[in-house]
Amino acid sequence: MKKILKTLAVAAAIAPLPLTAMADGEKYVLVSHAPDSDSWWNTIKNAIALAGEQMGVEVEYRNPPTGDIADMARIIEQAAASGPNGIITTLADYDVLQQPIKDAVASGVDVIIMNTGTGEQARELGALMYIGQPEYDAGLAAGQRAKDDGIGSFLCVNHAIQQPTLAQRCQGFADGLGIELGSSMLDSGIDPAEIKNRVMAYLSANPDTQAILTLGPISADPTLLALEENGMAGDIYFGTFDLGDEIVKGIKSGVIKWGIDQQPFLQGYLPVVFMTNYHRYGVLPGNNVNAGPGFVTAENLDLIEEFAGEYR
């Protein structure tokens with residue numbers, strides 16, 4: 001009995017402190033490239049809020065309101081200067097963002113790259129790891145799927161032509177089909193009315209286009225309106241990256257064949273959990289984490305529909 005009591009006393013003495021005590025002052029900043037208008041990021045905001053609550057840490061979300069990458073670089077610099085325990089950031093443009101990320105690491109701030117970039121780029125910049133979807137591979141898988149469905153030509157509606165990672169999606173899709181990308185990638189901009197008009201103009205000028213690929217809700221939602229207006233909804237093969245309320249409705253109605261789910265919840269949630277545990281216990285996954293791609297179709301839509309825009 002005395003031995004048991006002694007064992008319990010030792011265990012109590014070395015037991016970790018409660019999370020609230022250990023978390024005192026722990027702060028992380030997530031910096032994204034997304035403009036304020038991109039509702040897709042609401043899922044990531046929800047994820048970091050939940051992770052922060054569960055881990056007992058503060059997590060702040062920052063982004064350039066218009067999606068300007070140079071502005072994002074300044075936000076990373078400002079975040080590092082504020083002295084957080086860590087920065088979680090996207091790598092939408094390696095050339096523009098590499099230096100502020102390197103500077104943050106050099107100043108002693110731990111960094112995890114998420115959503116855009118690659119594991120190799122994260123290593124080169126001194127980041128702890130990468131969590132996200134390999135964009136080219138996702139596009140390639142989508143293109144191969146479309147090829148199996150008999151598609152041989154397409155329009156890729158790119159709402160952020162300045163971000164190399166989105167172009168990788170279009171290039172991967174073309175390679176999956178086994179065709180040249182050529183002029184199939186449309187620089188649509190982010191204005192919904194302009195996107196709709198440009199998609200309609202392209203399809204009018206290229207009536208033999210067999211498929212449309214959009215790269216997220218920003219381009220998918222206006223494209224749905226364009227197809228409704230020109231009478232092609234349900235007749236043209238339509239696939240998209242990411243999910244959102246209108247995309248889910250489009251899949252359910254049969255207008256959209258599939259959506260590529262890169263699981264943004266995991267992209268926001270896991271970096272907070274991993275970095276917190278790294279700082280507290282020195283543990284970190286040995287490999288980068290691929291959060292996607294996965295295909296959402298009418299057959300597996302029920303659970304996704306329930307949580308679309310919130311956790312999916």
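Analyst: Helices (H or I, at least four residues) and strands (E, at least two residues) are taken from DSSP runs and numbered from the N terminus. The model is predicted, so local features need pLDDT of at least 70 and side-chain atom pairs count only at pLDDT 80 or more, while totals for chains, interfaces and linings use all residues. Residues are numbered from 1 along each chain as its sequence is written, and side-chain values use heavy atoms, with hydrogens and water left out.

User: Where is Pro-293 found?

Analyst: Pro-293 sits in the loop that links E11 and E12.

User: What is the order of the open sheet of six strands?

Analyst: The order is E2-E1-E3-E4-E5-E11, with parallel pairing. Two strands are said to pair if DSSP finds at least two bridges between them. Strand E2 (58–62) and strand E11 (289–290) are the edge strands, each pairing on one side only.

User: How many bridges are there between E1 and E3?

Analyst: Four bridges connect strand E1 (residues 27–31) with strand E3 (residues 86–89), in the parallel sense. Within this pair, Val-31 has Thr-89 of E3 as its bridge partner.

User: Which helix lies across E1, E2 and E4?

Analyst: That is helix H3 (residues 42–55), which runs at about 165° to E2. Such angles run from 0 to 180 degrees between N-to-C directions, and the axes are lines fitted to C-alpha atoms, for helices over the stretch in contact. Contact here means heavy atoms within 4.5 Å. Helix H5 (residues 94–106) also packs on the sheet; H5 touches E3 and E4, and its direction makes about 145° with that of E4.

User: Why is E4 described as largely enclosed?

Analyst: Five of the six residues of E4 are buried, so the rest of the structure largely encloses this strand. Buried means under 20% relative accessible area, exposed means over 50%, and partly exposed lies in between (1.4 Å probe, protein chains only).

User: How many bridges join E3 to E4?

Analyst: Four, and the two strands run parallel. Ile-88 has Ile-112 of E4 as its bridge partner. The chain passes from E3 through H5 to E4 in a right-handed β-α-β crossover. Right-handed means that, with the strands pointing away from the viewer, the path from the first strand over the helix to the second runs clockwise.

User: And how many bridges pair E4 with E5?

Analyst: E4 and strand E5 (residues 130–132) are paired over three bridges in the parallel sense. Asn-115 stands opposite Gly-132 of E5. The path from E4 to E5 goes through helix H6 (residues 119–125), and this β-α-β crossover is right-handed.

User: What is the phi of Asn-115?

Analyst: The phi of Asn-115 is near 75°, which is a positive value in a residue other than glycine. Asn-115 is placed in strand E4 and counts as buried at 3% relative accessibility.

User: Which side chain makes a polar contact with that of Asn-115?

Analyst: The side chain of Gln-267 does, at 2.8 Å. A polar contact is a pair of N or O atoms within 3.5 Å; within protein, one must be able to donate a hydrogen and the other to accept it, and residues adjacent in sequence count only if both atoms are side-chain atoms. Gln-267 belongs to helix H12 (residues 264–281) and is buried, with a relative accessible area of 0%. Apart from its neighbours within four places in sequence, Gln-267 has contacts that include Trp-40, Ile-44, Met-114 and Ala-291.

User: How many residues of H12 are buried?

Analyst: Of the 18 residues of H12, 13 are buried, so H12 is largely enclosed by the rest of the structure. Just after H12, Gly-282 adopts a positive phi of about 75°.

User: Moving on, which strands pair with E10?

Analyst: Strand E9 (residues 237–241) pairs with E10 in the parallel sense over three bridges, and strand E12 (residues 294–296) pairs with E10 in the antiparallel sense over three bridges. Phe-241 stands opposite Ile-260 in E10, whereas Asp-261 stands opposite Gly-294 in E12. E9, helix H11 (residues 245–253) and E10 form a right-handed β-α-β unit.

User: Which residues point one way from E10, and which the other?

Analyst: Trp-258 and Ile-260 point one way from E10 (residues 258–261), Gly-259 and Asp-261 point the other way, and all are buried. In a regular strand the side chains alternate between the two faces of the sheet.

User: Is Gln-263 buried, exposed or partly exposed?

Analyst: Gln-263 is partly exposed, at a relative accessible area of 31%. Gln-263 lies in the loop between E10 and H12 and has a positive phi of about 55°, although it is not a glycine.
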